[in-house]
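Please read it with the structure open.

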Amino acid sequence: MPSSHAGGPRVLLRRLREIMAEQASAQTRLNKLVSVIAANMVAEVCSIYLQRAGDTLELFATEGLNREAVHRTRLKRGEGLVGLVAQDAAPLNLTNAPEHPNFSYRPETGEDPFRSFLGVPIVRGDRVFGVLTVQNKTARQYDEEEEEALLTISMVLAEIVAQGSLIDLAELDQPGMSPHRPALFHGEALAEGLSIGAVFHHEPRVKVERMIADDPVVELQRLEDALLSLRASVDAMLDSTELDLAGDTREVIEAYRLFAHDQGWRTRLRDAVRAGLTAEAAVERVQDETRMRINRTNDPYLRERLHDFDDLARRLVRHLAGGVAHSQSLPVGAVVVARAMGPAELLDYGRNKIAALVVEEATGTSHIAIVARSLGLPLVGGILGIADAARHGDIAVVDADSGEVHLRPVPDMLSAFEAKKALRAQRVARYATIRDEPAITRDGLRITLNMNAGLLVDLPHVVESGADGIGLFRTELQFMIGSTMPRLKDQTDFYREVFRSVGDRPIVFRTLDLGGDKVPSYGRTVREENPALGWRAIRIALDRPALLRYQVRALIAAAEGRPLKILLPMISEVSEFETAKMQIGREMDRARSKGAPLPAKLDIGTMVEVPSLLFELPQLLATADFISIGSNDLLQFVFAADRTNPAVARRYDSLSPAVLSLIRHVVTTAASMKRVDAISVCGEMAGRPLEAMALIGMGITGLSVQAASIGPVKMMIRSLDTRALKPEVTRLTSMPGSSARVALAAFAAENDVQVDRLG
Ligand code: PEP
Ligand code: MG
């Protein structure tokens with residue numbers, strides 16, 4: 001079926017919308033629908049069966065079978081191939097349908113000459129509305145793309161049916177359905193990708209009916225039994241060959257297992273039962289207390305972990321109720337919408353059924369985000385109100401590149417989305433063609449284009465994306481996903497694996513940047529009023545040199561004689577850099593005295609992310625081997641705008657004249673010392689093609705960006721001629737106004753510089 005070639009479902013969806021808008025009877029429109037679908041899919045038959053009261057599927061329209069059979073042919077759920085599709089709520093793709101044990105011949109349809117059969121359920125949420133089929137005479141295998149196309153159509157059909165404009169819903173035994181308006185939500189893109197699917201509400205809470213225990217001894221026993229089976233189920237998750245947990249996901253779940261085995265938790269639960277509560281009520285009570293305690297600490301990292309505790313508590317209540325998994329009814333291709341969700345709950349669903357995730361309370365460092373990224377599932381978080389607005393079964397378009405979620409999109413929107421998906425695929429394909437090409441401008445300027453990383457899950461991207469190397473390895477992330485501080489051996493093993501995965505490519509390890517919004521569960525005990533300005537990163541390292549020394553020891557050992565580049569975060573004055581450098585020197589001396597292999601070359605650099613350092617640049621450049629501008633923190637401090645507060649985070653533009661002047665100041669100072677090559681930019685702005693263009697226009701020749709930005713930024717670089725750009729950027733730097741964005745975008749458009757982003 002060449003549907004996928006001839007414009008695919010997009011063209012068809014547009015046709016469906018036109019048919020819907022016609023002033024004809026429902027039957028006429030249905031008849032048209034099937035004939036258009038059949039033509040588009042190059043099928044000889046296309047039929048729609050809808051579900052009637054009493055679990056009966058009725059042939060509502062057909063192209064290719066006998067029209068007399070319409071409204072006469074009826075099948076029970078589970079009966080025949082169509083009944084099977086409805087019963088399993090899953091597609092059935094057969095080369096030789098009559099041979100299937102469920103095949104049931106209905107003479108009135110004239111179905112006998114058709115051998116190949118593809119049937120997909122018409123589902124909305126967990127409700128099957130009917131079945132859509134296509135058939136061909138030849139024994140052929142419909143491919144995956146064709147199956148997907150039919151699923152997309154059936155999803156739209158479900159929406160059309162649910163709106164009641166086609167068929168009176170009363171006829172269909174579908175109470176409670178009413179037309180509902182489209183809605184658009186903006187959130188944070190936490191794991192990239194584009195998907196469409198039907199909403200499935202993640203409602204993990206089991207209602208606790210009985211609060212007061214009749215017999216505390218019995219309740220204690222129930223609690224113990226449930227704890228045992230809970231622990232066994234978490235252990236089983238780790239051992240499961242089906243889930244086959246590895247890397248970061250495994251570490252997240254291992255940390256979670258420690259919570260499940262926590263004796264303090266068990267004691268608190270037992271105390272609550274002894275006080276007279278049922279086991280279920282005790283779980284709720286202890287969880288309420290934990291929540292209150294954590295909320296009082298005002299600690300963002302612990303707040304993230306609260307979702308893990310909640311997940312665990314809900315799971316325990318489910319074990320008390322007999323262990324019913326909430327995930328069983330999840331239809332294939334669902335968009336799972338949740339207020340909050342823990343990492344284990346996500347794994348319960350399995351990786352194959354979910355098309356995308358929308359989790360109101362998820363943030364970039366939450367465990368669910370880490371697991372979603374490693375499973376390759378698009379995730380939008382930080383999106384309040386969507387769980388209330390979305391109904392089970394609504395169609396949702398999740399754009400986890402831009403952070404937008406469209407609920408109940410109009411057909412136009414669906415077509416636009418399909419177009420965007422196709423464009424994205426095209427762009428990804430174009431990026432692949434330049435993957436092994438250098439990041440070089442049209443006038444021959446070579447830019448070092450590195451990737452940012454921090455977890456094992458990022459490492460394969462170094463090769464896949466075509467990055468020159470890793471320009472920023474955030475070592476603190478590894479410390480944050482565990483529940484205890486990694487020991488020297490763990491750190492060494494981990495860095496060794498990182499070195500191995502980059503091969504000969506250069507890599508820059510940044511020493512721990514803990515504190516601020518990155519606090520491990522075993523970390524901060526003292527509450528800070530302004531954590532971003534507090535005891536963090538190098539400040540901790542200088543006060544607790546053993547921490548830095550251990551990390552450097554692990555890095556030297558892992559380097560096994562390769563060149564080693566160490567980057568120090570949050571340096572505020574040159575003297576701090578000197579002190580840290582001295583500590584690193586001591587570790588080199590130690591390794592030397594032990595006869596261990598030393599790195600072939602040791603480079604020590606610093607982040608420039610605290611504004612005070614901008615006023616000591618000549619001294620800094622005289623002592624640092626390299627400098628990495630951390631625009632995320634630097635701009636937060638320059639503009640005095642908290643990067644984690646959505647109300648102000650986007651208030652100031654990274655392309656304002658102030659930022660351009662600042663970068664220019666760094667480049668000019670470095671140029672006067674012939675050190676421009678020592679400077680790179682590694683904050684988020686470097687990964688946005690237009691910003692990256694401006695940086696290059698100011699003389700920056702090194703960028704480090706997230707993996708998904710390598711393709712778009714390289715594409716921009718290879719289409720750029722810096723001879724025209726440089727005078728324009730100079731002109732814009734001295735222009736009044738709050739942003740040079742529009743002018744830079746105009747420059748890009750006039751000069752054919754490709755500044756598209758993936759999203
Ligand atoms: C930065 O501040 O720009 C940076 C790259 O570091 P992080 O985002 O880890 O603070
Ligand atoms: Mg920073």
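The points below run from the whole chain to single residues.

1. Ground rules. This is a predicted model, where local features need pLDDT of at least 70, side-chain atom pairs count only at pLDDT 80 or more, and totals for chains, interfaces and linings use all residues. Residues are numbered from 1 along each chain as its sequence is written, chains are lettered from A and ligands numbered from 1 in the order in which they are written, and side-chain values use heavy atoms, with hydrogens and water left out.

2. Overall fold. The chain holds 27 helices and 22 strands. Its radius of gyration is 30 Å, close to the 27 Å from the globule rule for 759 residues, so the chain is as compact as a globular protein of that length. Helices (H or I, at least four residues) and strands (E, at least two) are DSSP runs, numbered from the N terminus. The radius is taken over C-alpha atoms, and the globule rule is 2.2 Å times the number of residues to the power 0.38. Along the principal axes, the C-alpha trace spans about 90 × 75 × 50 Å.

3. Burial and surface. Of the 759 residues, 54% count as buried. Buried means under 20% relative accessible area, exposed over 50%, and partly exposed in between (1.4 Å probe, protein chains only). The accessible surface is about 31300 Å², with 52% belonging to carbon and sulfur atoms. These areas come from the Shrake-Rupley method with a 1.4 Å probe; for residues, only the protein chains shown count as cover.

4. Contacts. Take the contacts in the chain with a separation of 6 or more: 68% of them join residues 24 or more positions apart. Contact means heavy atoms within 4.5 Å.

5. R408 and D394. The count of salt bridges comes to 42. A salt bridge is a side-chain nitrogen of Lys or Arg within 4 Å of a carboxyl oxygen of Asp or Glu. One links R408 to D394, with the closest N and O atoms 2.4 Å apart. R408 lies in the loop between β14 (404–407) and α13 (411–433), and D394 in the loop between α12 (386–389) and β13 (395–399), so the pair ties together parts 14 residues apart in sequence. R408 is buried at 5% relative accessibility. D394 is buried too, at 0%.

6. D493 and K489. Their side chains form a salt bridge at 2.7 Å, N to O. Both residues sit in helix α16 (residues 488–502), four residues apart, about one turn of the helix. D493 is partly exposed at 32% relative accessibility, while K489 is exposed at 55%.

7. R536 and D633. What do these two residues form? A salt bridge, with the closest N and O atoms 3.3 Å apart. The pair links distant parts of the chain: R536 is in the loop between β17 (507–510) and α17 (538–543), and D633 is in helix α21, 97 residues apart. R536 is buried at 3% relative accessibility, and D633 is buried at 4%. Both belong to a network of salt bridges that also takes in E476, R510 and D513.

8. S631. Helix α21 (residues 631–638) also contains S631. S631 is buried, with a relative accessible area of 5%. Neighbours within four places in sequence aside, S631 contacts Q636, V681, G683, E684 and M685.
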